[in-house]
Amino acid sequence: MIVDRQGRRFRNLRISLTAACNYACTYCVPDGKRLVAAQDELSAEAMVRGVAYLIEAAGIERLRITGGEPLVSPKLDVFLREVGRLGLAEISLTTNGQLLSRKLPLLLESGIRRLNVSLDTLDTNAFRVIARGGDLASVLAGLEEARAAGLKIKLNMVPLRGQNLNQVLPLLDYCLERGFELRFIELMRMGHLARDGNSFLQQFVGMPELLSMIGERYSFAQADAPLDATALRYEIPQQGFFGVIANESVPFCRTCSRLRLSSTGWLHGCLSSSNRHYVGDLLDKPRHQALPALQRLLVKALGDKQDVAFSGGVTVMKIIGG
Ligand code: SAM
């Protein structure tokens with residue numbers, strides 16, 4: 001097991017199945033281009049081998065499939081079928097929900113029981129402006145079907161000043177009514193926002209402001225969360241829970257247990273570091289050759305973690321897998 005001075009180790013793997021996405025959210029994709037085909041993406045088989053090797057070399061216990069948009073990837077079917085056999089404690093998926101209705105049978109057959117669906121607004125016009133792709137009605141229909149099928153759903157919202165702050169309470173009400181857990185993700189200085197500090201500061205909304213908005217309608221108290229959770233969780237008695245991923249306001253680097261594998265075969269130990277480690281070539285090698293080399297790279301990747309606070313990174317979220 002590889003552990004650093006702060007006692008951190010990799011427990012959670014996020015895999016970006018593809019960098020392609022059917023949205024081009026303003027805060028994620030700088031050029032507004034959707035469905036950009038990623039060059040040299042790994043095959044589903046190589047990715048599954050990667051997960052298997054990382055379970056052994058790093059002690060990965062939980063997997064989150066992300067992207068890009070995982071539901072647009074033709075690899076999803078094979079990947080889900082094969083990765084389900086590796087004995088992970090949990091496999092979950094993050095999606096924008098646009099193709100959820102169509103892919104729900106596949107997700108259910110593959111044993112997926114938890115979904116994170118990203119939705120920044122319930123307003124059709126604001127949705128068009130922020131997501132720059134897809135349509136809101138399809139996402140909402142997919143969410144209802146996933147709910148009816150018994151999936152455990154978290155909704156991710158990135159609050160953006162001047163764009164969707166009037167949606168904080170409507171989205172919270174929407175989630176509480178349906179038993180979904182809403183998670184507010186503080187805007188991160190990633191990609192173009194790491195380069196353009198002004199744009200970041202103009203849009204950023206921090207946890208104290210959010211909690212005060214919510215406090216105007218609801219009473220809430222902090223709830224328990226696992227030690228290495230990214231979100232601070234709150235309970236609204238008798239109504240449900242919500243969370244805040246407060247990268248800026250309450251950094252969680254000291255307990256971070258996440259490792260990321262990009263669709264093109266790069267390991268990232270930290271969102272906030274520009275270091276990355278190529279493992280694509282190792283995934284074609286037999287286990288006895290791959291594992292020692294992988295372990296050396298994992299030591300480096302763990303060393304990339306920030307000591308205290310998230311400071312941003314130039315990698316675009318849809319490449320690294322948010
Ligand atoms: N396409 C999928 C989706 O929309 O959930 C998965 C990939 S997306 C990159 C994963 C998450 O990253 C989304 O919830 C998105 O809102 C979030 N995200 C992207 N860029 C971000 C940024 N700069 N700050 C905060 N969250 C960001």
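Leaving aside residues within four places in sequence, Leu 155 is in contact with Val 117, Leu 119, Leu 143, Leu 171, Tyr 174, Cys 175, Phe 180, Glu 181, Leu 182 and Arg 183. The model in which these contacts occur is a predicted one.

Leu 155 belongs to strand 5, which covers residues 152-157. With a relative accessible area of 0%, Leu 155 falls under the 20% limit and therefore counts as buried. Ser 118 stands 37 residues from Leu 155 in sequence, yet the C-alpha atoms of the two are 5.6 Å apart in space.

One of the contacts of Leu 155 is Glu 181, a residue of strand 6 (residues 181-185). Glu 181 is likewise classed as buried, because its relative accessibility of 8% is under 20%. Not counting residues up to four places away in sequence, Glu 181 touches Ile 153, Lys 154, Leu 155, Arg 233, Phe 241 and Phe 242.

The two residues are set side by side below.

| Residue | Strand | Relative accessible area |
|---|---|---|
| Leu 155 | strand 5 (residues 152-157) | 0% |
| Glu 181 | strand 6 (residues 181-185) | 8% |

A further element to consider is helix 4, which spans residues 124-131 and has Ala 126, Phe 127, Ile 130 and Ala 131 as buried residues. Viewed down the helix axis, the buried residues of helix 4 fall within an arc of 110 degrees, so they line one face of the helix. An α-helix has 3.6 residues a turn, so residues three or four places apart point the same way. The buried residues of helix 4 pack against helix 5 (136-148). On the face turned away from the buried side, helix 4 carries the exposed residues Arg 128 and Val 129.

Turning to the chain as a whole, its secondary structure comprises 11 helices and 12 strands. The radius of gyration is 19 Å, close to the 20 Å that the globule rule gives for 322 residues, so the chain is as compact as a globular protein of that length. Along the principal axes, the C-alpha atoms fill a box of roughly 60 × 40 × 40 Å.

Of the 322 residues, 56% count as buried. Among contacts between residues at least 6 apart in sequence, 74% join residues at least 24 apart. The accessible surface of the chain amounts to about 13800 Å², and 50% of it belongs to carbon and sulfur atoms. As for charge, the chain has 39 positive and 32 negative charges, whose mean positions are 4 Å apart.

Note on methods:
Residues are numbered from 1 along each chain as its sequence is written. This is a predicted model: local features need pLDDT of at least 70, side-chain atom pairs count only at pLDDT 80 or more; totals for chains, interfaces and linings use all residues. Side-chain values use heavy atoms; hydrogens and water are left out. Helices (H or I, at least four residues) and strands (E, at least two) are DSSP runs, numbered from the N terminus. The radius of gyration is taken over C-alpha atoms; the globule rule is 2.2 Å times the number of residues to the power 0.38. Buried means under 20% relative accessible area, exposed over 50%, partly exposed in between (1.4 Å probe, protein chains only). Contact means heavy atoms within 4.5 Å. Accessible areas come from the Shrake-Rupley method with a 1.4 Å probe; for residues, only the protein chains shown count as cover. Lys and Arg count as positive and Asp and Glu as negative; His and the chain ends are not counted. The place of a charge is taken as NZ of Lys, CZ of Arg, CG of Asp or CD of Glu. The arc is that of the directions from the helix axis to the C-beta atoms.
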